[in-house]
Amino acid sequence: MVFTFDLLFEAVIFGVLLGCFYAAVSLGLSVAFGLLDIPHVAHPAVLVLGAYGAYLLGGMGLDPIVAGVVLTIPFFFLGVAIYRFYYETFEKRGTDAGVRGLAFFFGLAFIIEVALILGFGADQRGVEAAYIGESLEFDNYDYRIPYRLLAAFGAAIVLAIGLTAFFSRTFIGRAIKAVGQDEAALRLMGANPVRVKQLAFGIATAVNAIAGAVLIVVGPVEPSLDRLYIGRTFCVVVLAGLGSMSGTVAAGLILGVTESVVQMLFGASWAPAVSFGLLLLVLGIRPQGLFGR
């Protein structure tokens, strides 16, 4: 492929939109792993579960994004139940909770994947909406921006602003940030860290419902799709600096633009290696992340 600045500009524009999509699907993990230090490797599987939930509600006539908002309530309680089981079975027992918890969440991811295969089969599923398949066209330029990516862009911005305001301006939000920094001090102040973490994990899972709806808007889903996103989501969260919502959006943009430019220059086969390369680079140079303290 011959390099031109027009191609580079197009790759950057597509990378920005793709990066916002990566940020949207990583915000829940930023809460669970970044703030709570829970090894939530089942995050992409819960994300795909949210996409299938949007698929089911979409079949009833609901817009996929609206379906994602509706699903936040059952997903919140699902997250509360998952954390309670994780706490009672693993975290409560002591120092090896991290390793055991990792095994637990890997098992949870496989259970979700198998359940989706049994329920829906291995075929891809998609949704219909007025903006899916349509593009924003610029008359003076040969550029088209898919509305599905603009929907992901909007979802990422709204979620990031909402979560940032919640964690910085509300008592519960500040308590969640505090439990991630010093659980013992929070206990001395009369708060129950377990209940705070339970609430936070419920919020992280509720965010996944909306992100899952964005996922199925961007493209068809299948039960094993979570394997494609586990590296990308962890890369975004680590690159951002654990627990930073605005940093998650910025990190998503960095990953999206880098991946898009690499794909333009070297081909699509190199794109999946970008997230792991950035992850190793950041861990080696700045383990606290680009936007962490």
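Where is the place of Ser 275? Ser 275 sits in helix α12.

The model is predicted: local features need pLDDT of at least 70, side-chain atom pairs count only at pLDDT 80 or more, and totals for chains, interfaces and linings use all residues. Residues are numbered from 1 along each chain as its sequence is written, and side-chain values use heavy atoms, with hydrogens and water left out.

**View 1. Ser 275 and Gly 277 in helix α12.**
Both Ser 275 and Gly 277 belong to α12. Helices here are DSSP runs (H or I, at least four residues), numbered from the N terminus. Ser 275 is buried, at a relative accessible area of 2%. Gly 277 is partly exposed, at 37%. The cut-offs are under 20% relative accessible area for buried, over 50% for exposed, and partly exposed in between (1.4 Å probe, protein chains only). Ser 275 and Glu 259 are 16 residues apart along the chain, with 7.8 Å between their C-alpha atoms. For Gly 277 and Tyr 55, 222 residues apart along the chain, the C-alpha separation is 33 Å.

**View 2. The second largest pocket.**
This pocket holds about 390 Å³ of space. Its lining has 22 residues; closest to the centre are Leu 18, Tyr 22, Val 218, Leu 228 and Tyr 229. Elements that give two or more residues to the lining are α1 (5-24), α6 (147-169), α9, α10 (226-240), α11 (245-266) and α12 (271-285). The most come from α1, with 4 residues. By class, the lining divides into 15 nonpolar, 3 polar and 4 charged residues. Nonpolar covers Ala, Val, Leu, Ile, Met, Phe, Trp, Tyr, Cys and Pro; charged covers Asp, Glu, Lys and Arg; the others, Gly among them, are polar. A pocket is an open set of points on a 1 Å grid over the protein atoms alone, where a 1.4 Å probe fits, with protein on both sides within 12 Å along at least five of seven lines; lining residues have an atom within 4 Å of a point. Grid points are joined across faces, edges and corners, and the volume is the space filled by probe spheres set on them.

**View 3. The aromatic pair of Phe 105 and Phe 201.**
The structure holds 17 aromatic pairs. In this one, the ring centres of Phe 105 and Phe 201 are 6.2 Å apart and the planes meet at 35°, so the pair is tilted. Phe 105 lies in α5 (residues 97-120) and Phe 201 in α9 (residues 193-218), so the pair ties together parts that are 96 residues apart in sequence. Phe 105 is buried at 0% relative accessibility, and Phe 201 is buried at 1%. Rings of Phe, Tyr and Trp (its six-membered ring) pair if their centres lie within 6.5 Å; planes under 30 degrees apart count as stacked, over 60 as edge-to-face and the rest as tilted. Ring pairs link Phe 105 and Phe 201 into a cluster with Tyr 83, Phe 85, Tyr 86, Tyr 87, Phe 90 and Phe 104.

In α9, 24 of the 26 residues are buried. Its end C-alpha atoms are 37 Å apart, which agrees with the 38 Å that 26 residues should span at 1.5 Å a residue. That expected span is 1.5 Å times one less than the number of residues. Asn 192 caps the N-terminal end: one of its side-chain oxygens lies 3.0 Å from the backbone nitrogen of Val 194.

**View 4. Helix α6.**
α6 has 23 residues and reaches 32 Å from its first C-alpha to its last, close to the expected 33 Å. Buried residues in α6 include Leu 149, Ala 152, Ala 156, Leu 159, Leu 163 and Phe 167. An α-helix has 3.6 residues a turn, so residues three or four places apart point the same way.

Asp 37 is found in the loop between α2 (27-35) and α3 (43-58). Its phi is near 60°, a positive value in a residue other than glycine. Most residues other than glycine have a negative phi. Asp 37 is exposed, at 59% relative accessibility. In α2, by contrast, 9 of its 9 residues are buried.

**View 5. Thr 248 in helix α11.**
Thr 248 is found in α11. Thr 248 is buried, with a relative accessible area of 0%. Asp 63 is 185 residues from Thr 248 in sequence and 26 Å away in space, C-alpha to C-alpha.

Terms used
Polar contact = N/O pair within 3.5 Å; in protein donor to acceptor, adjacent residues only side chain to side chain.
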